[in-house]
Amino acid sequence: MKNLYYDVVIAGCGVAGLYAALNLPEEMNILMLSKKDLESCDSMLAQGGICVLRDESDYDSYFEDTMRAGHYENRKESVDIMIRSSRDVINDLLNFGVRFAKNPDGSLAYTREGAHSRPRICFHEDITGKEITTTLLSHVKKCSNVTILEYTTMTDILVDGGKCTGMAAETKEGETLHIHADNTIMATGGIGGLYEHSTNFPILTGDACRIAKEHGVELEHMDYVQIHPTCLYSKKPGRSFLISESARGEGAVLLNHKGERFVNELLPRDVVTKAIQEEMKKEGVEYEWISFAHVPKEIILKHFPHIYEKCLEEGYDLLKEPAPIVPAQHYFMGGVHVNRDSATTMPNLYAVGETSCNGVHGKNRLASNSLLESLVFAKRAAVKIQNEEKGNEDHEFESNYHAACC
Ligand SMILES: Cc1cc2nc3c(=O)[nH]c(=O)nc-3n(C[C@H](O)[C@H](O)[C@H](O)COP(=O)(O)OP(=O)(O)OC[C@H]3O[C@@H](n4cnc5c(N)ncnc54)[C@H](O)[C@@H]3O)c2cc1C
């Protein structure tokens with residue numbers, strides 16, 4: 001067993017972990033763990049995009065869309081924080097060098113997804129997550145205060161006197177590490193690896209939730225699991241390939257085996273999923289179809305090049321024919337309960353990203369809200385840690401944060 005000493009230890013190198021690290025002061029020594037290689041995180045897979053508050057006139061509509069999709073079970077305060085902080089996060093990403101699609105006049109181009117009343121989603125082709133994650137990663141790698149250990153798994157947290165004092169981890173070689181740290185951040189992503197059919201990486205098995213439960217740290221809504229309506233149907237084993245909701249936002253429609261539409265494709269995910277499952281049952285089939293017949297060719301090739309290529313690989317040319325789709329596990333709305341600053345119920349232990357539950361998504365996540373939520377609340381954790389270290393009062397933290405973000 002080896003002892004290591006850091007100011008902050010972060011389990012997880014997806015957008016949540018990376019952005020938390022980038023928002024911590026450079027005087028802090030930070031250790032980041034990744035269960036496998038750095039590519040294997042869901043952040044790399046996000047296709048559709050990331051929401052932003054376009055302007056003040058969109059606030060009520062964005063708020064209502066998020067609440068309606070979440071069946072009004074969302075924590076309103078968290079929704080407000082996320083929406084109000086969105087422009088700052090997008091500007092930050094642009095400053096880091098993320099290449100969002102732009103209009104000819106240089107302004108940001110917005111796409112639309114299901115259950116959004118208007119286009120408000122920034123995107124980079126159909127690989128927005130990869131664009132954001134690789135950009136953040138390149139900046140983290142330049143930080144001399146951050147060390148990344150790949151193939152190293154958090155197995156437990158260290159607790160002393162009711163406070164978290166770090167985490168235990170296991171390396172690829174089987175060596176046990178005790179990483180002692182003033183603050184610990186769990187950013188271990190979703191739970192899709194526990195399912196037979198999921199769009200997630202199989203390594204994402206909700207480790208933070210298990211560890212939290214074992215230590216009596218509060219969990220929330222562990223049964224709120226989102227099933228994505230449109231994954232490419234395939235008999236091949238492995239991760240389900242997603243056909244982004246923004247495809248439907250751009251005009252792709254769902255068809256049954258008689259070639260008929262059976263649902264409004266822009267309804268929230270859980271409603272569309274249910275309609276597909278019922279139609280499959282009625283027809284006694286294993287999949288239904290998605291047709292791009294009404295999506296202009298240039299949009300298919302420019303906005304969805306990777307989806308087009310993947311379908312072609314599987315034998316479906318979206319320019320000429322529909323592709324078979326089936327719902328699969330996709331996202332986890334529940335998780336380790338956190339407050340508005342991503343603090344768990346155990347002192348010095350934070351949770352950010354998909355593994356946490358700050359209540360933003362309620363019972364069902366609105367499309368393209370999760371990258372944004374991960375980034376907004378990861379930054380809040382970083383700012384909170386920084387202020388706690390400096391001994392700042394909470395009210396001071398609030399005003400600093402708003403000055404920086406809004
Ligand atoms: C196919 C797909 C498409 C999506 N499209 C969109 C979209 O268009 N817009 C949107 O907003 N959201 C989208 N999402 C959701 C979004 O990508 C995720 O919710 C978000 O990226 C989660 O980020 P994260 O940092 O919490 O987790 P991840 O990016 O999954 O990172 C988890 C990290 O934790 C590490 N880890 C796990 N367990 C341990 C452990 N025990 N010890 C150490 N490390 C561990 C992993 O190695 C990994 O580095 C999509 C998701 C998928 C799967």
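User: A polar contact is a pair of N or O atoms within 3.5 Å, where within protein one must be able to donate a hydrogen and the other to accept it, and residues adjacent in sequence count only if both atoms are side-chain atoms. How far is an oxygen atom of the ligand from a polar backbone atom of Cys13?

Analyst: The model is predicted, so that local features need pLDDT of at least 70 and side-chain atom pairs pLDDT 80 or more, while totals for chains, interfaces and linings use all residues. Residues are numbered from 1 along each chain as its sequence is written, and side-chain values use heavy atoms, leaving out hydrogens and water. From the polar backbone atom of Cys13 to an oxygen atom of the ligand, the distance is 2.9 Å.

User: Which residues come nearest to the ligand?

Analyst: A residue is near if one of its heavy atoms lies within 4 Å, and the shell divides into 14 nonpolar, 18 polar and 6 charged residues, with Gly counted among the polar ones. Of the 38 residues around the ligand, those that come nearest are Ser43, Met154, Asp207, Glu354 and Ser370.

User: How are the rings of Tyr233 and Tyr287 arranged: stacked, edge-to-face or tilted?

Analyst: Rings of Phe, Tyr and Trp (its six-membered ring) pair if their centres lie within 6.5 Å, with planes under 30 degrees apart counted as stacked, over 60 as edge-to-face and the rest as tilted. By this rule there are 4 aromatic pairs. The centres of Tyr233 and Tyr287 are 4.5 Å apart and their planes stand at 35°, so this pair is tilted.

User: Is Tyr287 buried, partly exposed or exposed?

Analyst: Buried means under 20% relative accessible area and exposed over 50%, with partly exposed in between (1.4 Å probe, protein chains only). Tyr233, at 15%, counts as buried. Tyr287 has a relative accessible area of 23%, so its class is partly exposed.

User: Which residues do ring pairs link into a cluster?

Analyst: The rings of Tyr287 and Trp289 have centres 5.4 Å apart and planes at 90°, so they form an edge-to-face pair. The cluster linked by ring pairs consists of Tyr233, Tyr287 and Trp289.
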